[in-house]
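Open the model in your viewer and keep the selection tool at hand. The tour goes from stop to stop, saying what to select and what is there.

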Amino acid sequence: MVWEKLIDKYKVQLVFVLGGLILLGLGVIFFRLNSADKPKIEIISPDFSQPSTTIFVDIEGAVQNPGVYELPVNSRINDLLIRAGGLSAAADRDWVSKNINLAQKLQDGVKIYIPSQKEVRQFGGPGLSTVGEGGGQVAGVSGLAAGKININTASQTQLESLWGIGEKRAADIIANRPYQSIDELVTKAKIPKSVVEKIKDKIAIY
């Protein structure tokens, strides 16, 4: 009797409460169904701590397909020549065999220039050398007529004729051949950077 009176007295409030609970339950069920259908998005930050596994090298001159090539780290000059389709008919193969070490490892960002027979005849001769100004270039023919000293083939006497290069430093340069860039005089032969800056316009790689 008492419960009936209470229910009758608060029946409006009870209807609202029950209705609210029902709506809340339906909302929870709807939310869970919606969440299950949507794929989770995971944001992965790039890991810049991992070293690159490839390098980019430019090859120009007397090759079949000159251009910039992406190669695996530790690739050799021979690998680059293969990717470029090999030497063209105009290439001076005798010059290449004498001046370019095909087994030498490549570095990222270097440029190799293969001269033609005409270029070698025009600029060639004793002490054939190349551009080699700055760390990027490995081989070329620009500036051959300027009489630059080829640090990969020069004699002890020729090296000692350079500013700041005495008997000991010339011997160190010879002992640490070959060089892929002029900057390697600092890292391999331990020639002071200030000296290299002074002589870089008078030396070449190939």
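A salt bridge here is a side-chain nitrogen of Lys or Arg within 4 Å of a carboxyl oxygen of Asp or Glu. The model is predicted, and by this rule it has 3 salt bridges. Side chains of opposite charge can pair when their charged atoms come close.

**Stop 1: helix α4**

Select residues 93–99, which form helix α4. Show the side chains of D94 and K98, which form a salt bridge with their closest N and O atoms 3.3 Å apart. The two residues are 4 positions apart in the helix, about one turn. K98 has 61% and is exposed, because exposed means over 50%.

**Stop 2: helix α7**

Move to residues 167–175, helix α7. Select K168 and D172, whose side chains meet in a salt bridge, with 2.7 Å from N to O. Here too the spacing is 4 residues, about one turn of the helix. K168 is exposed at 59% relative accessible area, while D172 is partly exposed at 22%.

**Stop 3: E197 and K200**

Select E197 and K200 next; a salt bridge joins their side chains, 3.3 Å from N to O. E197 is partly exposed at 43% relative accessibility. K200 is also partly exposed, with a relative accessible area of 28%.

**Stop 4: helix α2**

Leave the charged pairs and select I22, L23 and L26. Together they make a nonpolar surface patch of about 340 Å². L23 sits in helix α2, which covers residues 11–37. Is L23 buried or exposed? Its relative accessibility is 62%, so L23 counts as exposed.

**Stop 5**

Finally, select residues 111–114, strand β3. In a regular strand the side chains alternate between the two faces of the sheet. Which residues of β3 lie on the covered face? I112 and I114 do, whereas K111 and Y113 are on the uncovered face.

Y113 is one of the residues on the uncovered face of β3.

How values were computed. Residues are numbered from 1 along each chain as its sequence is written. This is a predicted model: local features need pLDDT of at least 70, side-chain atom pairs count only at pLDDT 80 or more; totals for chains, interfaces and linings use all residues. Side-chain values use heavy atoms; hydrogens and water are left out. Patches are made of residues with over 30% relative accessible area and no salt bridge: like charges are joined within 9 Å, nonpolar side chains (Val, Leu, Ile, Met, Phe, Trp, Tyr) within 5 Å. Accessible areas come from the Shrake-Rupley method with a 1.4 Å probe; for residues, only the protein chains shown count as cover. Buried means under 20% relative accessible area, exposed over 50%, partly exposed in between (1.4 Å probe, protein chains only).
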